[in-house]
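Thank you all for making time this morning. I would like to walk through one structure with you, going from the overall fold down to a handful of backbone details.

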Amino acid sequence: MKRLFLPVMLLAALCACAASPQSTVPQPSAAPSAAPTPDSALTLEQKVGQLFIVRPDALDLTLAQETINDAKADGVTELTDAMRDALRAYPVGGICQFGKNITDPEQIKRFNNDLQAACQTPLFIAVDEEGGRVSRLANNPAFDLPQYKNGAITDARAMGQDIGGYLKQYGFNMDFAPVADVNTNPDNPVIGDRAFSSDAETAAQMVAEAAQGLREHGILPTLKHFPGHGDTKEDSHSSLAVTHKTLAELQNCEFLPFAADSGLHAVMVGHIATPNVTGDMTPATLSPELVGLIPDAENTLIVTDSLAMEAITAAYTPGEAAVQALQAGCDLLLMPNGLPEAYNAVLQAVKDGTISEERLDRSIDKILRYKAVFSK
């Protein structure tokens, strides 16, 4: 079922940064008014910036680079003048907050609001809030929030509503959840009970319900990790993950949860190779063939998994990964292992024709369309 894809709202409205999160949000069926084309609304440099979602720490350009090991360092918890300068130099499309960036309810609400106020175009402000063991807010003792265990959830929509309600309260508009993986491999080191079920049809139903619950509170759900991380033996944080299933096997299991939700959502592509589909070990994030298999890919907002994971950094520079992910069909480039290098590489690729402006504009149009609905 093809999802409703709405026209872009007036860019002037998009550029008005939210002062505080709203308790009620128009449902995605409310069509915003028409807007100028991306060509007339944003400069080339602004378009390229919109492709990136980064950790707030990446905006501290005194750091040599933003790496997966940076998770061990103290996190940025407030907006500084240096970060405002970085947002002007690299006008990114979004921020992903991690546990180290969150201390208490008032701090994160203020931080998110300040980030929005510093930007000409509203940000996606995202977080990994799955409801179980990966929940940056609910697992923080400073917050009094409901906690869930996916294998024991009986009402996924209610869970999505709960999570969506408090995320909107704290200034978020995007959740890197629900987990759409099917937990079919008991040796999997990274998914396990993060998945709703080891049964594909059950997982599909619960993914759709959780996504709907998030949307009801104005939070953009992100189904992850396509083409399916549940039947791999590797953790893509530290190495390339591999599934040896054929395309038919993936379509009959792993793909089902990604096709179940008919509402507006994003899909996160994992660093997962499928040699029995593509004939090589290219990670899905950099594979046009695999990205093209995402259900309704043309209208779906497609985001990479973190480009700072060793599955990518072991084989690609930040610039190579960013350019190849965009060429593969991804729209949002998550946490490159060095923002300046990745940004400049994409900018140069557009200038020299390696990536056409038409290709760039397809992603920018999608990004602005989704922001028209969820960045309020």
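This is a predicted model: local features need pLDDT of at least 70, side-chain atom pairs count only at pLDDT 80 or more; totals for chains, interfaces and linings use all residues.

The protein chain comes to 15 helices and 10 strands, and of its 376 residues, 59% count as buried. If we take the contacts with a separation of 6 or more, residues 24 or more positions apart account for 79% of them.

Let me turn to the sheet. Eight strands form an open sheet with parallel pairing, and the order across it is S9-S7-S5-S4-S3-S2-S1-S10. The edge strands, each of which pairs on one side only, are S9, residues 301-304, and S10, residues 333-334. Further in, S1, which covers residues 52-54, pairs with S2, residues 94-97, in the parallel sense over two bridges, and in that pairing Val54 stands opposite Ile95 of S2. Helix H14, residues 339-351, packs on the sheet and touches both S1 and S10, with its direction at about 180° to that of S1.

At the other end of the strand order, S7, residues 266-269, runs parallel to S9 and is joined to S9 by four bridges, with Val269 opposite Thr304.

Leaving aside residues up to four places away in sequence, Val267 touches Thr222, Leu223, Phe226, Phe258, Ile294, Thr300, Leu301, Ile302 and Val303. Val267 and Thr304 are 37 residues apart in sequence, while their C-alpha atoms are 8.3 Å apart in space.

H15, residues 357-374, has 18 residues and reaches 25 Å from its first C-alpha to its last, close to the 26 Å expected. Because 13 of those 18 residues are buried, H15 is largely enclosed by the rest of the structure.

Now the core. In soluble globular proteins, nonpolar side chains tend to be buried together. Here the largest nonpolar core has 100 residues, and those with the most contacts inside it are Phe52 and Leu137. Beyond its sequence neighbours up to four places away, Phe52 touches a set of residues that includes Val92, Gly93, Gly94, Leu333, Leu339 and Val346.

A word on the cysteines: the structure holds zero disulfides. Cys119 is buried, with a relative accessible area of 10%, and Cys253, at 12%, counts as buried too.

I will close with the backbone. Most residues other than glycine have a negative phi, and most peptide bonds are trans. Which peptide bonds are cis here? One joins Lys224 and His225, with omega about 5°, and another runs from Phe226 to Pro227, with omega near 5°. His225 sits in S5, residues 220-226, whereas Pro227 is found in the loop between S5 and strand S6 (241-242).

As for phi, Asp296 has a positive value of about 55° although it is not a glycine, and Asp296 lies in the loop between helix H11 (288-291) and S9. Met335, also not a glycine, has a positive phi of about 50°; Met335 lies in the loop between S10 and H14 and is buried, with a relative accessible area of 4%. Met335 is also one of the residues touched by Ser306, along with His271 and Leu334, again not counting residues up to four places away in sequence. Ser306 itself has its place in the loop between S9 and helix H12 (310-313), and at 2% relative accessibility Ser306 counts as buried.

Note on methods:
Residues are numbered from 1 along each chain as its sequence is written. Side-chain values use heavy atoms; hydrogens and water are left out. Two strands pair if DSSP finds at least two bridges between them. Contact means heavy atoms within 4.5 Å. Axes are lines fitted to C-alpha atoms, for helices over the stretch in contact, and angles run from 0 to 180 degrees between N-to-C directions. Buried means under 20% relative accessible area, exposed over 50%, partly exposed in between (1.4 Å probe, protein chains only). A disulfide is a pair of cysteine sulfur atoms within 2.5 Å. A nonpolar core is a set of buried Ala, Val, Leu, Ile, Met, Phe, Trp, Tyr and Cys residues joined through side-chain atoms within 4.5 Å. The expected span of a helix is 1.5 Å times one less than its number of residues.
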